[in-house]
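Open the model in your viewer and keep the selection tool ready. Each stop below tells you what to pick and what you will find there.

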Amino acid sequence: MSSVTEAPPSSLGRQRFAPLRALLADPFTGAALILVAGFLITAALAPWLAPYSPTKIDVLHKLQPPSAEHWFGTDHLGRDLLSRIVFGTRTALTIAMVSVVIAGAIGLLLGLIAGYGPRWLDALLVLTFDSLNSLPMIMFALAIITVLGAGTSTLIIVIAATSFPSYARLIRAQTLALKNSDYILAERLLDAGTVRIIFVHLLPNVVGPLIILLSMDIPVVIMVEAGLSFLGLGVRPPTPSWGSILYDGYTSIRSAPFMVIFGGFPLVLATLGFTFLGEGLRDYLDPRLKLRRPA
Amino acid sequence: MTPLLEIEELAVTFARGGLINRLLNPLPLPSFNILDGVTLSVMPGETIGLVGESGSGKTTLARTILGLVRAAAGQIVFEGRDVVTQADFRAMRRKSSMMFQDPVASLSPRLRIGTLLTEPQIIQGRPMPDRRAAAKALLAQVGLPASFVDRFPHELSGGQARRVGVARALAMKPNLLLADEPTAGLDVSVQGDVLNLVGELQREQGFAAMIVTHNLAMIRHVSDRLAIMYLGRLVETGPTQEVFAAPKHPYTATLIRSEPVPDPRQRSYHLAVSGEIPSVFRRPSGCEFHTRCPLVQPRCRLEPPAYRRAGANRMVRCHYPLETCDQEKEDFARASENKGN
């Protein structure tokens with residue numbers, strides 16, 4: 001019997017950090033990675049990083065401009081703005097990540113079921129996705145908030161419920177494309193169960209584009225959270241949130257413009273960071289989608 | 001000896017149009033026979049070559065046998081038992097394996113070779129104390145190094161992936177192996193390796209093999225019997241050597257003659273099949289091959305020929321089967337002259 005000779009083992013040491021290297025090779029992605037890491041660290045270490053309590057009211061020192069004591073100044077209740085922004089990072093990232101992960105998980109599961117399941121189930125699920133997608137988000141948010149009351153968990157429910165249909169549609173399309181591929185047929189011939197085919201064979205092959213989409217949606221969700229909080233429909237005061245900081249700043253924009261500036265800055269940075277990270281991930285994971293970015 | 005697999009008058013039809021079309025149209029929509037009246041039996045341990053052009057229904061036949069495509073009519077009997085329900089097909093699949101045309105694409109891309117090799121046993125609930133060792137044993141059986149257990153399918157060459165496919169197909173010790181173009185996309189030396197490997201394992205384990213191919217040079221050396229398909233129907237079956245020596249159906253003859261012969265003096269006549277295989281959506285009247293047959297007669301255009309016995313172990317679907325090798329030569333020579341050259 002003939003045998004196949006083995007290729008010499010490639011140097012593993014260099015390969016280990018290859019993905020990180022590839023990601024950092026692009027300056028936008030590298031910067032984005034640093035930004036996102038910064039936000040994550042800030043969120044995780046908020047109680048140690050913030051110089052003051054974000055909710056401690058000190059009306060005597062309200063609306064103070066930036067100083068050595070209060071780097072970003074104080075708001076209309078005399079709370080330290082820097083501390084509120086630091087804790088606001090925590091709020092923003094928690095809501096964004098939890099709701100995106102929940103929406104992603106629901107979308108993944110329903111998309112796989114719609115794509116691989118029987119046709120009537122597919123039709124039913126697609127109808128559900130389309131109906132949910134057709135609801136205007138703000139109106140839907142208002143309705144849910146009226147029923148459940150404003151708050152962090154309501155916000156997460158609203159965001160998850162409005163964003164999972166697009167994830168499900170993506171996964172469904174991917175699943176449909178793979179459903180009749182040779183290896184799925186081969187598994188069916190081996191009598192692999194539906195659960196096994198879906199979770200062992202389909203899931204790992206459809207999840208890539210979803211991860212990219214999720215990371216690119218995090219800034220959108222942060223914006224939605226800030227927007228709803230700005231409208232007073234988001235997190236409840238006194239919980240610090242970038243949106244409510246902006247709202248408070250907006251009411252006193254003439255006397256203390258620094259509030260809006262400092263409150264808006266992290267929002268812009270987070271949006272940029274997550275967006276570029278998502279694009280970098282997309283280019284790295286799926287080179288076929290690579291768009292030519294002006295050099 | 002009872003046949004391992006018997007197929008009787010198997011037909012597969014695809015209907016055009018979906019549910020809405022069917023509701024709007026009072027008349028039954030036309031359906032199209034992808035396979036029609038396929039009758040074939042496979043003896044235990046024998047190798048049967050299923051030959052035909054692209055679009056002749058070879059792959060569909062293989063898939064229908066294992067229940068991936070639903071048959072519209074006909075009968076499948078496996079090991080003396082009728083295969084009708086899904087449970088029957090499941091039981092049959094446990095004793096048979098299929099190798100797909102593309103060796104890399106038929107391996108789940110995110111799983112390692114070791115996992116893929118042992119998956120059949122895991123699925124069928126066979127106890128396996130040491131998965132890794134079992135995978136290595138299977139790799140050794142097909143002549144691949146043990147270190148391949150940790151590789152991914154895309155890290156293998158076509159020939160290596162094919163060997164993995166062989167190991168996976170034969171891990172369950174099947175009685176029947178269906179191989180769809182086992183040599184497609186491999187270079188000639190690797191084709192030889194793979195076929196020798198399958199042949200050796202077949203001698204060891206005694207399974208029957210049905211090899212779907214259009215590679216005549218290859219099938220001539222590995223099969224005991226040939227079944228020639230044209231447009232979803234069998235046009236000729238018989239022992240390989242006899243079919244090659246004296247084809248009965250003009251289609252078989254043209255197929256065999258269109259294979260290049262590495263000897264210039266042998267090419268006294270040659271008449272390749274011209275044109276494309278017709279679409280199953282517009283089946284020619286009468287004998288399906290009449291549009292391309294070099295020996296076509298008026299009767300062929302009107303009357304479909306029956307699939308009938310032509311010699312001891314031969315079957316043919318032709319009004320005017322070729323009788324002898326000499327006659328075939330004469331007829332073809334005349335036909336090529338008539339074509340006007």
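Select residues 27–44 of chain A. This is helix α3, with 18 residues. Helices here are DSSP runs of H or I of at least four residues, strands are runs of E of at least two, and both are numbered from the N terminus. From its first C-alpha to its last, α3(A) reaches 26 Å, close to the 26 Å expected at 1.5 Å a residue. The expected span is 1.5 Å times one less than the number of residues.

Which residues of α3(A) are buried? Pick Thr29(A), Ala32(A), Val36(A) and Phe39(A). They sit on the same side of α3(A), because they cover an arc of only 90° around the axis. That arc is taken from the directions from the helix axis to the C-beta atoms. An α-helix has 3.6 residues a turn, so residues three or four places apart point the same way. Now turn to the other side of α3(A): Pro27(A), Ala37(A) and Ile41(A) are exposed there. A residue is buried if 20 or more other C-beta atoms lie within 10 Å of its own, exposed if 12 or fewer, and partly exposed in between, with C-beta atoms placed from the backbone.

A word on what you are looking at. This is a predicted model, in which local features need pLDDT of at least 70 and side-chain atom pairs count only at pLDDT 80 or more, while totals for chains, interfaces and linings use all residues. Residues are numbered from 1 along each chain as its sequence is written, and chains are lettered from A and ligands numbered from 1 in the order in which they are written.

Next, select residues 81–116 of chain A. This is helix α5, with 36 residues. α5(A) reaches 51 Å from its first C-alpha to its last, close to the 52 Å expected at 1.5 Å a residue. Is α5(A) largely enclosed or open? Of its 36 residues, 26 are buried, so α5(A) is largely enclosed by the rest of the structure.

Of the 295 residues of chain A, 40% count as buried.

The average for chain A is 80, and 90% of the residues score at least 70. Select residues 6–14 of chain A: pLDDT stays under 50 there. Residues 290–295 of chain A are also below 50. Where pLDDT is low, the predicted coordinates should not be read in detail.

UniProt, in an unreviewed entry, places "domain: ABC transmembrane type-1" at residues 89–278 of chain A. Such positions use the numbering given here, feature names are shortened, and annotations may be inferred rather than shown by experiment. Select that span: it is 84% helix and 0% strand, and its end C-alpha atoms are 19 Å apart. The unreviewed UniProt entry also gives "transmembrane region" for several spans of chain A, including 28–50 and 210–235. Residues 28–50 of chain A are 91% helix, with end C-alpha atoms 28 Å apart. Residues 210–235 of chain A are 81% helix, with end C-alpha atoms 27 Å apart.

Show both chains. How many residues of chain A are in contact with chain B? There are 19, and they contact 26 residues of chain B. Two residues are in contact if their C-beta atoms, placed from the backbone, lie within 7 Å. Select α9 (182–189) and α10 (194–230) of chain A: each supplies at least two residues of the side that touches chain B. The largest share, seven residues, comes from α9(A).

Move to chain B. Chain B has twelve helices and twelve strands. Of its 341 residues, 40% count as buried.

Pick Val316(B), in strand β12 (residues 315–316). Val316(B) counts as buried because 27 C-beta neighbours lie inside 10 Å. Among the residues that Val316(B) touches are Val235(B), Lys248(B) and Pro321(B).

Go to Glu9(B), in strand β1 (residues 5–15) of chain B. Glu9(B) has a positive phi of about 45°, although it is not a glycine. Glu9(B) is partly exposed, with 13 other C-beta atoms within 10 Å.

Last stop: Lys173(B), in the loop between α6 (158–170) and β7 (176–180) of chain B. Phi of Lys173(B) is near 50°, a positive value in a residue other than glycine. Lys173(B) counts as exposed, with 11 C-beta neighbours inside 10 Å.

Methods
pLDDT = per-residue confidence, 0-100.
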